[in-house]
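Visitor: I have a structure to go through. Can you take some questions on it?
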Amino acid sequence: MEIPCYINANCFPADVFKNSTLYVPKGTVDKYKSTNYWNKFVYIEESDPTDIIQVSSDDLLISAQNGTITVRGEQNGHPLTVYTADGKMLGSATIKDGQASIATNLQRGEIAIVKVGSKSVKIKM
C-alpha cells in the first residue's frame, strides 16, 4: 500500500518483526519507517509490485490476479475463506479437485487474509 494502513502492536509476533522482510512500494520506505508498528520491522525493502502474486507454503500455492484469489494444493473438502485486513469476510469456498477460487473486490495494494483449513496467510494484492 502506498500509505501504511493502521496495525496494532500485536498484529505480528516479535520474531516476525526481527526475521521477516517487509516489501513496500518504491518511494514509500520512509513512510513505513516512520509509522507506528510498521517501523518495528528490521528489514524493509522497496519493490516494484505486479498484478500477480504467488505465495507458497509447503505444498500450498496461493495466487492473486485481478482481485481473484486461487488456492491450489490443499485437500478436497477443506474450507477456503478470504477476509479484508480489518476482518470482513469477502467470500468462502470449498476445495474441490485440489483447488478453489474466490473473486474479491480488493484492489492492487490492499491486504487479504486467506484462510485454508487451519492455515492463514496474509497477502498483498
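Visitor: Which residues does valine 71 touch, leaving out those up to four places away in sequence?
Guide: This is a predicted model. In it, valine 71 touches Leu60, Leu61, Ile62, Leu80, Ile95, Gly98, Gln99, Ala100, Val114 and Val116.

Visitor: And which members of the largest nonpolar core touch the most other members?
Guide: Ile62, Ile69, Val71, Leu80, Val114 and Ile123, out of 17 residues in that core.

Visitor: Which strands each supply at least two residues of this core?
Guide: β4 (60–65), β5, β6, β8 (99–103), β9 (111–116) and β10 each do. As a general point, nonpolar side chains tend to be buried together in soluble globular proteins.

Visitor: What other core lies apart from it?
Guide: One of 10 residues, with Ile7, Val24, Phe41 and Ile44 among them.

Visitor: Charges next. How many salt bridges are there?
Guide: The structure has two salt bridges. In one, lysine 119 pairs with glutamate 74, and the closest N and O atoms are 3.4 Å apart.

Visitor: Where do lysine 119 and glutamate 74 lie?
Guide: Lysine 119 is in strand β10 (residues 119–124), while glutamate 74 is in the loop between β5 (68–72) and β6 (79–84), so the pair ties together parts that are 45 residues apart in sequence.

Visitor: Is glutamate 74 buried or exposed?
Guide: Glutamate 74 is buried, at a relative accessible area of 10%. The cut-off for buried is under 20%. Lysine 119 has 32% relative accessibility and counts as partly exposed.

Visitor: Which side chains meet in a salt bridge at 3.8 Å, N to O?
Guide: Those of aspartate 86 and lysine 88.

Visitor: Is aspartate 86 buried or exposed?
Guide: Aspartate 86 counts as exposed, with 56% relative accessibility. Lysine 88 is exposed as well, its relative accessible area being 53%.

Visitor: Now isoleucine 3. Where is isoleucine 3 found?
Guide: Isoleucine 3 sits in the segment before α1 (14–19).

Visitor: Buried or exposed, that isoleucine 3?
Guide: Isoleucine 3 is exposed, and its relative accessible area is 61%.

Visitor: What does isoleucine 3 touch, not counting residues up to four places away in sequence?
Guide: Lys31 and Tyr32.

Visitor: What separation do the C-alpha atoms of isoleucine 3 and leucine 22 have?
Guide: These C-alpha atoms are separated by 14 Å, and the two residues are 19 residues apart along the chain.

Conventions. Residues numbered from 1 in each chain as written. Predicted model: local features only at pLDDT ≥ 70, side-chain atom pairs only at ≥ 80, totals over all residues. Heavy atoms only, no water. Salt bridge = Lys/Arg side-chain N within 4 Å of Asp/Glu carboxyl O. Helix = DSSP H or I, 4+ residues; strand = E, 2+ residues; numbered from the N terminus. Buried < 20%, exposed > 50% of the residue type's maximum accessible area, 1.4 Å probe, protein only. Core = buried A, V, L, I, M, F, W, Y, C linked by side-chain atoms within 4.5 Å. Contact = heavy atoms within 4.5 Å.
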